[in-house]
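Hi,

Here is the structure I promised to pass along. Have a look at it first, and my notes on the aromatic side chains follow below.

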Amino acid sequence: MTSTSILRAARRTFIAGTAALLVGAAAVPSFTSPAFAADGPASVADLAERVLGAVVNISTSQTVKGTEGPGAVPMPQLPEGSPFQDFFDDFFKNKGGDKDAGSQKVQSLGSGFVIDAEQGIVVTNNHVIADADDIEVNFSDGVTLKATLVGTDTKTDVAVLKVDPKGHKLTAVKFGDSTKMRVGDWVMAVGNPFGLGGTVTVGIVSARNRDINSGPYDDFIQTDAAINRGNSGGPLFNSAGEVIGMNTAIISPSGGSIGIGFSIPSQLASGVVDQLRQYGETRRGWLGVRIQPVTDDIAESLGMATAKGALVAGVIKGGPVDNGTIQAGDVILKFDGKDIHEMRDLPRVVAESPVGKAVDVLIVRKGVEQTVKVTLGRLEDGEKLASGENGNTDQQKGDKAPAVSTASVLGMTVGELNDETRKKFSIAADVSGVVVTDVAKDSAAAERGIQPGEVITEIAQESVATPKDVMDRIGALKEQGRKNALLMLASKTGELRFVTIRMD
């Protein structure tokens, strides 16, 4: 994607005098009659009429310093391609005044939906309300209510708001089951594109399980229903009028819809919403491991027939599996009965599991499958623990060691890890293995990004402590007919990763 960019759907738009809509997800009306004919959407009028009352516009304002002088009229933040752009440019950009003085109120619009009419709960994207000083919810009949923030989750881009339910009669919609949606199923999006509130568009589910690298739990529904700037936080409905997705992002070279939009599946969003409502924060399960993908080379090095699962690159000290239940070099194939096809599956499955739950984990360790039982910790506590897990590079021994013995292998020069090499490369005292002192240019090791100062701790899941150990392990692998050597490397502070190096 060179000229094409991934954009947050309808990120902060402002149009004077418009009221945008958002659909909520509480169980008020139950939409049971199908709105779609078997051969396609002959009409979605009945469905649209039922849900439009629950769709709302989220309006926010934020104070920005040093934009225009005191008393200046706020400059709206318009989406690219807005038909109102020329008008606002002519009106605002020709205004005089000291642009460095005072502060300015910047206003924006997005979409969202009510999930609980009795409690006044509204759901939207976190990026719609991020950094806002004031949040208002605008309904389709023109009523506006002040909203308070219940909680946000930046990892999934979900936010929960609350309005006074006595201030307006609310209509809510309920979450459906996004796991039942198939590619080709008809869907309907409702939102506030370019500030034009209450807009309904129809399309199909184009794909599922999309990863657009926006967060650790990417599992988006892709749709060709028109989604533009301003649709962020709005609902994606199935044919029964249930919310099966929250419209969040688009791929577009211009900022407008080209038929590639992404929605957070209800299976993920509903769980986050429940936690934010109950605790004001998320409480996700935590395994306490660092992982990396299982490539074809790594799978071959581990004797696996196919590349699948998540490779454990390290275990966090003090974490749930620091007792040896799961070890670096293990490959996780199943977690609590759910298959782990690739690395990105594991964080999402673990995060969706309750804190304190004991689960079965199927792993491959040294070529043998086995099941271990682990009890999950809390991710939010684990992040604090992991961020403070650094080696003490100041703990150095006093005496200078004699010259170290070295060896050249696979394009690397390796040496003993002693006081002298620890000091030279600032390697933490708790890191053990054989230090890489030099890497030849254009070598197999250089291709894999190995750097001087990294420490080889294992080769083919066997520990190494001396340069001779490294030579012996490489020689043994070649005798076995292996084409690649699997190395576990430690950084200067002890963080682990796995790489495979060609031995031909």
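This is a predicted model: local features need pLDDT of at least 70, side-chain atom pairs count only at pLDDT 80 or more; totals for chains, interfaces and linings use all residues.

What does the ring of Phe 262 pair with? Its partner is Phe 220. The two ring centres are 6.2 Å apart and the planes meet at 65°, so this counts as edge-to-face, for which the angle has to be over 60 degrees. Phe 220 is buried too, at 5% relative accessible area. As for where they sit, Phe 220 belongs to strand β10 (residues 220–223) and Phe 262 to strand β13 (residues 261–265), so the pair ties together parts of the sequence 42 residues apart.

In total, the structure has 2 aromatic pairs. The other one joins Phe 113 and Phe 175, again edge-to-face, with 5.8 Å from centre to centre and 85° between the planes. This pair links distant parts of the chain, 62 residues apart: Phe 113 is in strand β3 (residues 103–116), while Phe 175 is in the loop between β7 (158–162) and β8 (186–191).

One last thing to look at is Tyr 279: the charged end of Arg 283 sits over its ring, 3.9 Å from the ring centre.

Cheers

Notes. Residues are numbered from 1 along each chain as its sequence is written. Side-chain values use heavy atoms; hydrogens and water are left out. Rings of Phe, Tyr and Trp (its six-membered ring) pair if their centres lie within 6.5 Å; planes under 30 degrees apart count as stacked, over 60 as edge-to-face and the rest as tilted. Helices (H or I, at least four residues) and strands (E, at least two) are DSSP runs, numbered from the N terminus. Buried means under 20% relative accessible area, exposed over 50%, partly exposed in between (1.4 Å probe, protein chains only). A charge sits over a ring if NZ of Lys or CZ of Arg is within 6 Å of the ring centre and within 35 degrees of the ring normal.
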